[in-house]
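Reader: Please take me through the ring contacts and helices of this model. I want each label set against its cut-off.

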Amino acid sequence: MSLPPLCFVLMPFGRKPIPSGLTVDFDAVYRDLIEPGIRAAGLEPLRADEELAGGVIHKPMYERLILCDYAVADLTGANANVFYELGLRHGIRPATTVLLSGQTDRLPFDVGPLRTLPYTLGTDGRPADAVATVQGLTRLLQEAQRAAGEPMRDSPVFQLVEGYAPPDISRLKTDVFRERAQYAVDARERLAQARRAGADAKAAVEAVAAQLGDLAALEAGVVIDLYLSHRATSNWAAMLALAEAMPAPLARSRMVREQLGFALNRLGRRDEAEQVLKDLITQFGASSETNGLLGRVYKDRWEIERKAGHVFEALGWLDKAVETYLAGFEADWRDAYPGVNAVTLMELKDEPDPRQAELLPVVTYAVGRRIAKGTPDYWDHATLLELAVLSRQQAAAVKATSAALAAVREIWEPQTTANNLRLIRERRHLRGESLAWADDIEAALLRRAGTPG
């Protein structure tokens, strides 16, 4: 039985804001609209993975753009990566590219005249009329298949530049490309299975890594998936080794360097971790992610000095951690992670920081809006949990704990939250305050992490 033609999908990943102010759940758009529309047309969808690859446009990405028989591009939000990829596609393929958009305002001038399938988004950023759009996408792709080899062209390059001819694409090359694309899908499925292996997950991920072969021959998305799989199994040494071995453009990407700083800190190499993260802030400016990781370095140093009884050194690192987390929260008020760390550490000073009272409702609102707009993850619920403990709200804390425990993905997640609650408990104990219900929550998190209380 012959394999169905490949259809490459050009679109953002995850949840992204668009000019109208709406935050779009592009994964839901792919799952509910694009993938079923492509499959109904008898094609096999192949989604781009440049965001998993840290934003690096790599060789397999170009191959997908050029060699896939069909392509679908979602122009919603005028994403720069999508427009760049669409330009490449239009320069190589005269036809078989279908456009769609979920934004109600006008598209950029250069693509405004192009035939574009509209779809409707709800206030939650998800498709509001999936059935009709799936049918419309299927119809356009079927039209493209019927027109194969005929003069109909959707690329403005081939429409407007007289005499411009497409390059000859080798069939053999396309077959090799298909095999490599399928290998990438299989590799990532094996890594996903390995991460779910419980106590054997670390060894299982290492076994898959040994089977992957030459890193230079792998798609960047597979390399990053392996990198994050090592993180998920707390294999910090393997993360460092992989960062050193991966191709230079990928190793220089912001995400890889951020996670390198994270791994270095977990290995106790805090000077190196600090330098990696400070270099990123110098290059790109403050961000919730980078500052959050750097704040963790300072927080760990504070705890080391505190346990050693070095009072003045500990106070210096605590102040530095608070200010670093606060700068990260101010860089992006929508990301509550650095905000909750800032207000938690403010609690740990000899006298609570007066800014804490002002920040608590702001951070609570930020995480509340995130939960209301999409599918919350562990950290959303854990953040509400910490905020409720800080605010001494038992009912809210119990509710958030139940949700957090049900959303755990990696065992270090509840361990991290339990550590934060321990710090709050210890500081309040010195002030003569005790919350038995908060102690029970801390114990539940430790049980979930597999750590005795």
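This is a predicted model: local features need pLDDT of at least 70, side-chain atom pairs count only at pLDDT 80 or more; totals for chains, interfaces and linings use all residues.

Author: Residues are numbered from 1 along each chain as its sequence is written, and side-chain values use heavy atoms, without hydrogens and water.

Reader: How many aromatic pairs does a search of the whole structure find?

Author: The search finds seven. Rings of Phe, Tyr and Trp (its six-membered ring) pair if their centres lie within 6.5 Å; planes under 30 degrees apart are stacked, over 60 edge-to-face, and the rest tilted.

Reader: What makes Trp 236 and Phe 262 an edge-to-face pair?

Author: Their centres are 5.4 Å apart and their planes 80 degrees apart. That is within 6.5 Å and over 60 degrees, so the label holds. Trp 236 lies in helix α9 (residues 236-245) and Phe 262 in helix α11 (residues 254-266), so the pair ties together parts 26 residues apart in sequence. Helices here are DSSP runs (H or I, at least four residues), numbered from the N terminus.

Reader: Why is Trp 236 called buried?

Author: Buried means under 20% relative accessible area, exposed over 50%, and partly exposed in between (1.4 Å probe, protein chains only). Trp 236 has 10%, so it is buried. Phe 262, at 11%, also counts as buried.

Reader: Why is the pair of Tyr 298 and Trp 317 called stacked?

Author: The planes of Tyr 298 and Trp 317 are 25 degrees apart, with 5.6 Å centre to centre. The angle is under 30 degrees, so the pair is stacked. Tyr 298 lies in helix α13 (residues 288-307) and Trp 317 in helix α14 (residues 311-331).

Reader: What makes Arg 306 lie over the face of Trp 302?

Author: The rule asks for NZ of Lys or CZ of Arg within 6 Å of the ring centre and within 35 degrees of the ring normal. Arg 306 is at 5.2 Å from the ring centre. The charged end of Arg 47 sits over the ring of Tyr 30, 4.8 Å from its centre.

Reader: Is Phe 312 buried or exposed?

Author: Phe 312 is exposed, because 73% is over 50%.

How values were computed. Helices (H or I, at least four residues) and strands (E, at least two) are DSSP runs, numbered from the N terminus.
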